[in-house]
Amino acid sequence: MITNRLPVLATSFGSCMLAMVSFALCVAFWAATGDPAWHLFLPYVMPSFPDVSLAGFVRGLILTGLIGIYAGGVFAAFFNLWNGAAARLSSRA
């Protein structure tokens with residue numbers, strides 16, 4: 001029985017990079033346009049994000065990286081768990 005498995009570390013790293021790039025683009029667009037609409041979602045996701053300063057940007061980048069690692073790891077672990085369970089159930093039928 002061969003099941004498809006996601007590598008947990010690679011999925012976590014990919015999710016981390018996606019979150020960090022998304023955060024950096026959000027801050028870059030907000031800084032370029034000056035439109036506060038780009039900034040409204042950030043304090044809800046990251047309560048410690050005060051404003052766009054170098055310290056706030058670095059703190060936000062680290063926090064989004066950690067959130068991405070956690071989300072990717074949890075997703076890959078549950079995917080592997082339920083994919084393996086589904087494969088065992090389908091082999092019994």
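Select Asn80 to begin: setting aside neighbours within four places in sequence, Asn80 is in contact (heavy atoms within 4.5 Å) with Asn4, Arg5, Leu6 and Val8. Residues are numbered from 1 along each chain as its sequence is written, and side-chain values use heavy atoms, with hydrogens and water left out. The model is predicted: local features need pLDDT of at least 70 and side-chain atom pairs count only at pLDDT 80 or more, while totals for chains, interfaces and linings use all residues.

Stay on Asn80. Is this residue buried or exposed? Asn80 counts as buried because its relative accessible area is 7%; buried means under 20%, exposed over 50%, and partly exposed in between, with a 1.4 Å probe and protein chains only. Asn80 sits in helix α3. Helices (H or I, at least four residues) and strands (E, at least two) are DSSP runs, numbered from the N terminus.

Now show the whole protein chain as a cartoon. There are 3 helices and 0 strands, in the order α-α-α along the sequence. Of the 93 residues, 24% count as buried. Among contacts with a separation of 6 or more, 66% are between residues 24 or more positions apart.

Next, select residues 8-33, which make up helix α1. This helix has 26 residues and reaches 37 Å from its first C-alpha to its last, close to the expected 38 Å; the expected span is 1.5 Å times one less than the number of residues. Gly34 follows α1 and has a positive phi, near 75 degrees.

Within α1, pick out Thr11, Ser12, Cys16, Phe23, Cys26, Val27 and Trp30, which are buried. Their cover includes α2 (42-45) and α3 (54-92). Cys16 counts as buried because its relative accessibility is 8%, and Cys26 because its value is 17%. The whole structure has 0 disulfides, a disulfide being a pair of cysteine sulfur atoms within 2.5 Å.

Finally, turn to the surface and select Leu54, Val58, Ile62, Leu66 and Ile69. Together they form a nonpolar patch with about 490 Å² of accessible area. Leu54 lies in α3 and counts as exposed because its relative accessibility is 67%.

Definitions and conventions. Patch = residues over 30% accessible without salt bridge, like charges linked within 9 Å, V, L, I, M, F, W, Y side chains within 5 Å. Areas by Shrake-Rupley, 256 points an atom, 1.4 Å probe, with all protein chains shown as cover. Salt bridge = Lys/Arg side-chain N within 4 Å of Asp/Glu carboxyl O.
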